[in-house]
Amino acid sequence: MNKIALITDSTADLNEEIIKKYDVKILPFRIIYKDKEYKDSIEVTPKEVYKSLEREVPTSSLPSMKDMDNLFSSLEKDGYTHAIAVTLSSGLSGIYNALKLISDNHPKIISHIIDSKSISCGEGVIVETCGKLIEKGKNFEQIINAVPNFMKRMHIFFVVGTLEYLKKGGRIGKIYGTIGEILNIKPIVSIDKEDGKYYTYSKVRGRKQSLKKLIDIAKDILKTKKCKVYLREGNAYDDTKKVYDELIKLPNVTSIDFNGNISPVSGVHSGPGLVGMGLLEEE
């Protein structure tokens, strides 16, 4: 009989209810200041990170290889035969490759590492769906074979308050970022499903127009598809609530998960003002 462990990292933005329900093992990224290092979402909160940005923009790092190795060792001791891990997109981080390396060092556990090609709720939805399938008694092969189908049905879009932090983190070109700030351009950012990297889905001027465009994108998808909607925010509750208030009215929205802040490490790279939206097409 399979005993399957479910693993992800802190950028999946899962709430405590989901983590406990499906016994998800979380590998925290690290946030590094000049004088101290913190484990993401464990030793530092999103509010603390945003508050500190004016005096210092920290760097970030993968969960430590030691933490990954210790996790697999503990899974062996607890009698797990299989592990399914869902990671932040390989286009944004090296965690996918690092975890594959560690899992190869633990051959007693049959492991499948999934590159989410996404972040936040896009990553978290995969974890939650795997948890539901484990709960239903599906076997290891059935679960990993089901994953590509719901990855195809997930769409992620977000806007940020300023391009400054994406520019500093190398997520967008420095020249584009500088020009964008001068012209008050607010790109709607999505993630390419092939390489898992950010790309500009659309461009508008000004914050108000960027939120309107986000809602319009949802409306376009919802014209032909019933969807579960996921909203996340990075120090932008009021603006995200405005988006929520518009989307909740739409007939093809089957549910809305408004789950609060993105992880602190994601906040380091996006800066304050992020409004994130995910749409999962119903089958």
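Q: Which residues of α3 are buried?
A: Met68, Leu71, Phe72 and Leu75. Keep in mind that this is a predicted model.

Q: Where do those four sit around the axis of α3?
A: On the same side of α3, because they cover an arc of only 90° around the axis.

Q: And what is exposed on the other side?
A: Lys66 and Lys77 are exposed there.

Q: How many residues does α3 have, and what span does it reach?
A: α3 covers residues 65-77, which is 13 residues. From first C-alpha to last it reaches 19 Å, close to the 18 Å expected at 1.5 Å a residue.

Q: What follows α3?
A: Gly79, with a positive phi near 85°.

Q: Switching to sheets. What is the strand order in the open sheet of six strands?
A: β10-β9-β8-β13-β11-β12, with mixed pairing.

Q: Which strands stand at the edges there?
A: β10 (198-205) and β12 (253-261). Each has a single partner strand, so one side of each is left without a neighbour in the sheet.

Q: How are neighbouring strands of that sheet turned against each other?
A: By 20° on average, direction ignored.

Q: In what sense do β8 and β13 pair?
A: Antiparallel, over six bridges. β8 is residues 154-159 and β13 is residues 274-281.

Q: Which residue is the bridge partner of Phe157 in β13?
A: Met277.

Q: What does α9 touch on the sheet?
A: Helix α9 (residues 207-222) touches β8, β9 (185-191), β10, β11, β12 and β13. Its direction makes about 5° with that of β13.

Q: Which strands does α5 lie across?
A: Helix α5 (residues 121-135) lies across β8, β11 (227-234) and β13. It runs at about 150° to β8.

Q: Now the open sheet of three strands. What is its order?
A: β4-β3-β5, with antiparallel pairing.

Q: Why is one side of β4 and of β5 left without a neighbour in the sheet?
A: Because β4 (37-39) and β5 (59-61) stand at the edges, each with a single partner strand.

Q: How many bridges link β3 and β4?
A: Three, in the antiparallel sense, with β3 at residues 30-32. In β4, Lys39 is the bridge partner of Arg30.

Key:
Residues numbered from 1 in each chain as written. Predicted model: local features only at pLDDT ≥ 70, side-chain atom pairs only at ≥ 80, totals over all residues. Heavy atoms only, no water. Pairing = 2+ DSSP bridges. Helix = DSSP H or I, 4+ residues; strand = E, 2+ residues; numbered from the N terminus. Axes fitted to C-alpha atoms, helices over the stretch in contact; angles between N-to-C directions. Contact = heavy atoms within 4.5 Å. Expected span 1.5 Å × (residues − 1). Buried < 20%, exposed > 50% of the residue type's maximum accessible area, 1.4 Å probe, protein only. Arc of directions from axis to C-beta.
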